[in-house]
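Trainee: Could we go through this structure residue by residue, with the cut-offs stated as we go?

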Amino acid sequence: MKYMMFVCTDTEPDTDPAPEPDILAWVAEHDAAGRRVTGDQLAATSAATTVRVRNGELLVSDGPFTETKEVIVGFDILECADLDEAIEVARAHPMARAGRLELRPFATFA
């Protein structure tokens, strides 16, 4: 089952003094195991462009859609047997401590 994992900042990161996991080691481990399909870091929110169409008119604005303290800074697409496995993969990601990770299964159209 495929999951989109949004990698987000958090205003209240973990305060545990233990060393954070190495992101390159996390990527290598899950790429080798076939659990990480792809992923990447995103540019700053200042580089965002929002596109909408209202009453047939194209509306383009600079910046993110929402004003928020937490922002999506990256993503990974995971291929896991189930949600439990996806949670275990996310648990080991460095941003599980420094930020937050949102797992969302891909919807399948019938």
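Predicted model: local features only at pLDDT ≥ 70, side-chain atom pairs only at ≥ 80, totals over all residues.

Trainee: Which side chain makes a polar contact with the side chain of D10?

Mentor: D10 has its place in the loop between β1 (2–9) and α1, where helices (H or I, at least four residues) and strands (E, at least two) are DSSP runs numbered from the N terminus. A polar contact is a pair of N or O atoms within 3.5 Å; within protein, one must be able to donate a hydrogen and the other to accept it, and residues adjacent in sequence count only if both atoms are side-chain atoms. A polar atom of the D10 side chain lies 2.9 Å from the backbone nitrogen of E12. The side-chain partner, at 3.1 Å, is R100.

Trainee: Is D10 buried or exposed?

Mentor: Leaving aside neighbours within four places in sequence, D10 is in contact (heavy atoms within 4.5 Å) with E70, A98, G99 and R100. Buried means under 20% relative accessible area, exposed over 50%, and partly exposed in between, with a 1.4 Å probe and protein chains only. Because its relative accessibility is 19%, D10 counts as buried.

Trainee: Where does H93 lie, and what is its relative accessibility?

Mentor: H93 lies in the loop between α2 (83–91) and α3 (95–98). Leaving aside neighbours within four places in sequence, H93 is in contact with M5, V7, I23, W26, D76 and L101. H93 counts as buried because its relative accessibility is 4%.

Trainee: Which residue caps the N-terminal end of helix α1?

Mentor: Helix α1 covers residues 23–32, and just after α1, G34 takes a positive phi of about 80°. At the N-terminal end, a side-chain oxygen lies 2.8 Å from the backbone nitrogen of L24, and the capping residue is D22.

Trainee: Which residue stands opposite R52 in β4?

Mentor: β3 and β4 pair in the antiparallel sense over six bridges, pairing being assigned if DSSP finds at least two bridges between two strands. Their hairpin has two residues between the strands, and N55 takes a positive phi near 50° there. Opposite R52 stands L59.

Methods
Residues numbered from 1 in each chain as written. Heavy atoms only, no water.
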